[in-house]
Amino acid sequence: MTDTRAPLVSPEKADFLDSLRRQRWLLRHTLRDLTDEQAALRPTASDLNLGGLIKHVSHVEHRWSRFIEGGATEFEQASTDDWLGQFAMTQDETVAALLASYEQIAGRTDELIEALPDLDVSHPLPNSPWFEKGAHWTARRVLLHLIAETSQHAGHADIIRESIDGAKTMA
């Protein structure tokens, strides 16, 4: 007997989610076996550290998921006033807690995407100098942005990790 039920997740959504999950894994893998102190180090010329990158990518994914759900208002409500602080791991933060928060946000994003009827859900972008005036983004476009953002920061993390102890994530 042939199963005639529709797939739970469309092939397009599955492809996007698989790609995003792979980039998340690469980023998280960069912190393997590091202490909290090592994750807070800034061993390169930039101010970036591994814990801060996890914190930033978590924040970005959370904001864009809120955008998919409710548009610019939800996106702006999920903002932080401490832009630079989201890139820094504080003394009170741990690798375990940052990764757990990221995992929770990622899980929520995955559930949201899986539940959408399709990726054509669209909202106007917030009014900001860095967004094209009057532009709309679909859930599809947001996913492309999240994949690019996560991938870019996974590359940053790989360089930082190699500067700490020579370990490579992507090699």
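Helix H3 (50-70) gives the biggest share of the lining of the largest pocket, five residues. This is a predicted model, with local features needing pLDDT of at least 70 and side-chain atom pairs counting only at pLDDT 80 or more, while totals for chains, interfaces and linings use all residues. Residues are numbered from 1 along each chain as its sequence is written, and side-chain values use heavy atoms, leaving out hydrogens and water.

Besides H3, helix H4 (72-77) and helix H6 (139-165) each bring at least two residues to that lining; helices here are DSSP runs (H or I, at least four residues) numbered from the N terminus.

Turning to the cores, a nonpolar core is a set of buried (under 20% relative accessible area) Ala, Val, Leu, Ile, Met, Phe, Trp, Tyr and Cys residues joined through side-chain atoms within 4.5 Å. The largest one holds 21 residues, and Trp-64, Phe-67, Ile-68, Ile-113, Leu-119, Leu-125 and Val-142 touch the most other members. Leu-125 has contacts (heavy atoms within 4.5 Å) with Trp-64, Phe-67, Ala-72, Phe-131, Ala-135, His-136 and Trp-137, leaving aside residues up to four places away in sequence. Another core, of 19 residues, lies apart from the largest one and includes Leu-50, Leu-53, Phe-87 and Met-89.

Then there is Ala-45, which sits in the loop between helix H2 (36-39) and H3. Ala-45 counts as exposed (over 50%) because its relative accessible area is 87%. Ala-45 and Ile-160 are 115 residues apart in sequence, yet 10.0 Å apart in space, C-alpha to C-alpha.

Technical notes
Buried < 20%, exposed > 50% of the residue type's maximum accessible area, 1.4 Å probe, protein only.
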